[in-house]
Amino acid sequence: MYTLIGGANNRTFRVLWMLEELGLPYQRQHAQPHDDLVRGKSPLGKLPVLVVEDVPLTDSVAILTWLADSTGRLTAPAGSLARAQQDGITQQIVDELEGQVWVAARHSFILPKERRVPEIKPTLAWEFARNCDVLARRMQGDFLMGDQMTVPDLLLTHCLNWAAVAKFDVPNEALQAYAARMRGREAYRRAVASEKAMLAGASASA
Ligand SMILES: N[C@@H](CCC(=O)N[C@@H](CS)C(=O)NCC(=O)O)C(=O)O
């Protein structure tokens, strides 16, 4: 049994969806960044945290990678050339898509008000759309790596969701179709339902 610590509407979703894809048993603990619960498990106080056999794992991409490696699913084998290519795409998404939406979020509601520079957002949106086009050219089939879903697919879909919340346009039609396919997956829908239940529980107890 894994324990997933996190909230709704943030990077916790990536791990939640992965657990659903893999059909692994898990329980959820609701937390906000920097809560005592989170600080006790993660030096940065950031979400998500996955607790496995009392060992707290941090960073969503590291957790997805560990889940993939430890089950041998949703990844090319560690040490293979295909895996090196897969990891290159993962890092491309972190650098070129997550970076843009994360900076936009920081300048919208995370940084202290006097530190926010809202004027940066149109440039980030432009960069995001341009970087989506570059990434779409690397797609090798239905999924980023071909005909098998792998870790960077979860990451990319989450970044595209995040872009929608940030009101970033994604004009690339191949990526729009890809996102629709990914959001139609059963495991994705179960993860969304879990998010909604968590949000409903949080507002009921507020
Ligand atoms: N690279 C980390 C980033 C984690 C992160 O920044 N999480 C956000 C929630 S989505 C958070 O806890 N933010 C609080 C903060 O930045 O202090 C990951 O992918 O898990």
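This is a predicted model: local features need pLDDT of at least 70, side-chain atom pairs count only at pLDDT 80 or more; totals for chains, interfaces and linings use all residues.

Student: How much space lies in the largest pocket?

Tutor: Rolling a probe the size of a water molecule over the atoms shows where empty space is left. A pocket here is an open set of points on a 1 Å grid over the protein atoms alone, where a 1.4 Å probe fits, with protein on both sides within 12 Å along at least five of seven lines; lining residues have an atom within 4 Å of a point. The volume, meaning the space filled by probe spheres set on points joined across faces, edges and corners, is about 1100 Å³ for the largest pocket. Of its 39 lining residues, the closest to the centre are Asn 9, Asn 10, Arg 11, Trp 102 and Trp 162.

Student: Why does the largest pocket lie between domain 1 and domain 2?

Tutor: Domain 1 (2-74 + 187-205) and domain 2 (81-185), with bounds from an automatic or database domain assignment, both give residues to the lining, so the pocket lies between them.

Student: Which residues does Arg 39 touch?

Tutor: With contact meaning heavy atoms within 4.5 Å, Arg 39 touches His 34, Leu 44 and Gly 45, not counting residues up to four places away in sequence. Arg 39 is partly exposed, at 43% relative accessible area (buried is under 20%, exposed over 50%, partly exposed in between, with a 1.4 Å probe and protein chains only).

How values were computed:
Residues are numbered from 1 along each chain as its sequence is written. Side-chain values use heavy atoms; hydrogens and water are left out.
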